[in-house]
Amino acid sequence: MKLTGFELRVIEMPLVSPFRTSFGVQTVREALVVRAVTDEAEGWGEGVAMNDPLYSSEYVEASVDVITRFLLPALAQVQDLDAGGVAPALAKFKGHRMSKAAVELAILDAELRATGVPLSRELGAVRDRVDCGVSVGIMDSIPELLGAVGGYLDEGYVRIKLKIEPGWDIEPVRAVRERFGDDVLLQVDANTAYHRGDARHLAKLDPFDLLLIEQPLDEEDLLGHAQLARTITTPVCLDESIVSARAAADAIALGACSIVNIKPGRVGGYLEARRIHDVCVANDIPVWCGGMLETGIGRAANVALAALPGFTLPGDTSGSGRYYSRDITDPFVVEDGTLTVPTGPGIGVTPDPDALDAVTVRTEWITL
C-alpha cells in the first residue's frame, strides 16, 4: 500500500449542552480529522486534542503544526510503510501522542479497508456489543444534576460517571445515591483536581460504594496515587497518568491503581492501547475505554477497542446524541444499554460529506 497524501480538517462541532469539568466549560468541540489516501483505499483518523492545552499539553493547532512539519515528512521517508511501522517511525519526536494516534488510525483504517478486515477483528475483539456508560459534567445545582442523571438512566445507560472537583464532590454523589439507589453503577472523575493532602476528604466518598475514583491527583504523581490507594477503599483508576504500556506496568507495580482507563489518543494510538490492555490483563487489572467527546470516527474505533476481553467495565462509549445533534457519520444509538460494534472494513463508518463540510473550518492537503 503506497501513501499518496493526507487531508487535515479542523472541524467545530456544537455540543447539545455545555460540558463542564475541573478544566473548564466546553460548548463546542474543536477537533482534527485526518484522511489518509493510498493507492488502494483511504482511511480516517481523529485527533482528540482540545482547543486549549488543559487536559494535556496538546491542542488542535499544535497537532496541525506537528503533523504537517514533522510527522508526515518522517513517514514519507519510510518504504513499505504499514500501520505497525508508524509508531517506530515517529518515536524520535517526543510526546504529541494524540497527533501520532490520529495519523496512525487513518493509516490503519486505510490498510484494513484495503484488505476488508474490521478494526475490531484486527484488535482481537470478542464481543459484538459493548456496554455504554455516560459522563455527566459539573452542574450549577444538585437538582439539575439529578435531572440529567435520571434522563441518562431512562435512555438506558448502564453506568454513570460524575465529574467532580473541590466543592462539588461529596454532596452530589450523596444526592445521586439517595435518589437512584445503590444498584446504579456509579463512579467519579476528578481530572487531577485534588492533592495528596485531600486524602481524608476523598475518603468521605468510600461509603457510597463507587466503582472507582478516576485520576484524583496530578498525572505525574504516581507515588501520591499509591499512597491514596492505601488510604481509601474506593478503587483508584488512572487516566492521564497512563501514556503507554510501560507507564501502565509501572503504575501497577507501584500499587498506584487497581483499574485503568485506556484512551487511545492519550497513549499514541490503538495499537499501543491494545498493548496496555494486554499488560493489564496479565496483571488482573480491569480496563475500560475513556472518551474525549469523539465524533463518529473516533467513537467507532473506541467501540471496536472496548470489545476486547479485558474491557470488563462500561466505558465512556456514549451514543452520538449525548454530545451532538448531528454527527459526521451515521449516529451511534444506544440500545438496551449497549452499542453495536461496527462490522465493516476498518473502523466500519465513513463520514457523510455534507455533514463533514458543514462543520469544517479549514482543510489542508499534504502530498507525500
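Begin by selecting β6 and strand β7 (residues 185–189), which pair in the parallel sense over five bridges. Within this pairing, K163 has D189 in β7 as its bridge partner. Strands count as paired here if DSSP finds at least two bridges between them. The elements themselves are DSSP runs numbered from the N terminus: helices are H or I with at least four residues, strands are E with at least two.

A word on the model before moving on: it is predicted, so local features need pLDDT of at least 70 and side-chain atom pairs count only at pLDDT 80 or more, while totals for chains, interfaces and linings use all residues. Residues are numbered from 1 along each chain as its sequence is written, and side-chain values use heavy atoms, with hydrogens and water left out.

**The whole sheet**

Now widen the selection to the open sheet of seven strands, ordered β5-β6-β7-β8-β9-β10-β11 with parallel pairing. β5 and β11 are at the edges with a single partner strand each, so one side of each has no neighbour in the sheet.

Next, pick strand β10 (residues 259–262). Are its faces covered or open? Both are covered: I259 and N261 on one side, V260 and I262 on the other, are all buried. Buried means under 20% relative accessible area, exposed over 50%, and partly exposed in between, using a 1.4 Å probe and protein chains only. In a regular strand, side chains alternate between the two faces of the sheet.

**Helix α11**

Select helix α11 (residues 270–282), which lies across β10 and β11 and runs at about 170 degrees to β10. Such angles run from 0 to 180 degrees between N-to-C directions, with axes fitted as lines to C-alpha atoms, for helices over the stretch in contact (heavy atoms within 4.5 Å). Its buried residues are Y270, L271, E272, A273, I276, H277 and C280. Just past α11, D284 takes a positive phi of about 60 degrees.

**Helix α5**

Move to helix α5 (residues 142–155), where L145, L146, A148, V149, G150 and Y152 are buried. To see what covers them, show β5 (133–136), β6 (159–163) and α6 (170–180), which are among the covering elements. At the start of α5, a side-chain oxygen of S141 comes within 3.2 Å of the backbone nitrogen of E144. Just after the helix, G156 has a positive phi of about 105 degrees.

**Last stop: D39**

Finally, centre on D39, in the loop between β2 (24–38) and β3 (42–47). D39 is exposed, with a relative accessible area of 52%. Which residues does D39 touch, not counting those up to four places away in sequence? They are M1, K2 and T4. The C-alpha atoms of D39 and M1 are separated by 6.3 Å, although the two residues are 38 apart along the chain. A polar atom of the D39 side chain lies 2.8 Å from the backbone nitrogen of K2.

Terms used. The expected span of a helix is 1.5 Å times one less than its number of residues. A polar contact is a pair of N or O atoms within 3.5 Å; within protein, one must be able to donate a hydrogen and the other to accept it, and residues adjacent in sequence count only if both atoms are side-chain atoms.
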